[in-house]
Amino acid sequence: MGLGGCIILIAVGAILTFATDWDMQGVNIDLVGVIFMVVGLIGVATFSSIARRRRVVMPPTTPVVEERPHHHTQHGYRDGYGA
């Protein structure tokens with residue numbers, strides 16, 4: 001169930017709990033609405049924690065290349081010894 005399904009559960013639960021006055025024998029509509037809202041809230045919390053873990057920092061698309069000046073000596077020694 002995605003985020004949209006969780007929000008729909010919360011909305012349906014709120015409608016059943018607060019906006020209806022139906023009376024069904026053997027079923028407490030208010031309790032069913034509260035259960036829907038709780039399940040929807042748990043789903044939103046789970047979805048947001050999973051979505052937070054999926055976020056990955058992507059490296060830049062172009063590689064960064066550092067160019068260093070090349071110092072060549074007569075015999076390949078950089079410090080001048082051995083020449």
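This is a predicted model: local features need pLDDT of at least 70, side-chain atom pairs count only at pLDDT 80 or more; totals for chains, interfaces and linings use all residues.
**Exercise 1.** Place Thr20 in the fold and state what surrounds it.

*Solution.* Begin with the secondary structure: the protein has two helices and zero strands. Helix H1 covers 3-18, and Thr20 sits in the loop that joins H1 to H2. Next, take the contacts. When neighbours within four places in sequence are set aside, Thr20 touches Ile15 and Ile29. Last, look at the polar side-chain atoms: one of Thr20 is 2.8 Å from the backbone oxygen of Leu16.

**Exercise 2.** Classify Ile42 as buried or exposed, and find the surface patch that includes this residue.

*Solution.* Ile42 belongs to helix H2, which spans residues 29-54. Exposed means over 50% relative accessible area. Because its relative accessibility is 52%, Ile42 counts as exposed. On the surface, Ile42 is part of a nonpolar patch with Leu31, Val34, Ile35, Val38 and Val39. Together these residues of the patch have about 490 Å² of accessible area.

**Exercise 3.** Describe the whole protein by burial, surface and contact range.

*Solution.* For burial, 13% of the 83 residues count as buried. For the surface, the accessible area is about 7,500 Å², and carbon and sulfur atoms account for 63% of this. For contact range, consider contacts with a separation of 6 or more: 46% of them link residues 24 or more positions apart.

Notes. Residues are numbered from 1 along each chain as its sequence is written. Side-chain values use heavy atoms; hydrogens and water are left out. Patches are made of residues with over 30% relative accessible area and no salt bridge: like charges are joined within 9 Å, nonpolar side chains (Val, Leu, Ile, Met, Phe, Trp, Tyr) within 5 Å. Accessible areas come from the Shrake-Rupley method with a 1.4 Å probe; for residues, only the protein chains shown count as cover. A salt bridge is a side-chain nitrogen of Lys or Arg within 4 Å of a carboxyl oxygen of Asp or Glu. Helices (H or I, at least four residues) and strands (E, at least two) are DSSP runs, numbered from the N terminus. Buried means under 20% relative accessible area, exposed over 50%, partly exposed in between (1.4 Å probe, protein chains only). Contact means heavy atoms within 4.5 Å. A polar contact is a pair of N or O atoms within 3.5 Å; within protein, one must be able to donate a hydrogen and the other to accept it, and residues adjacent in sequence count only if both atoms are side-chain atoms.
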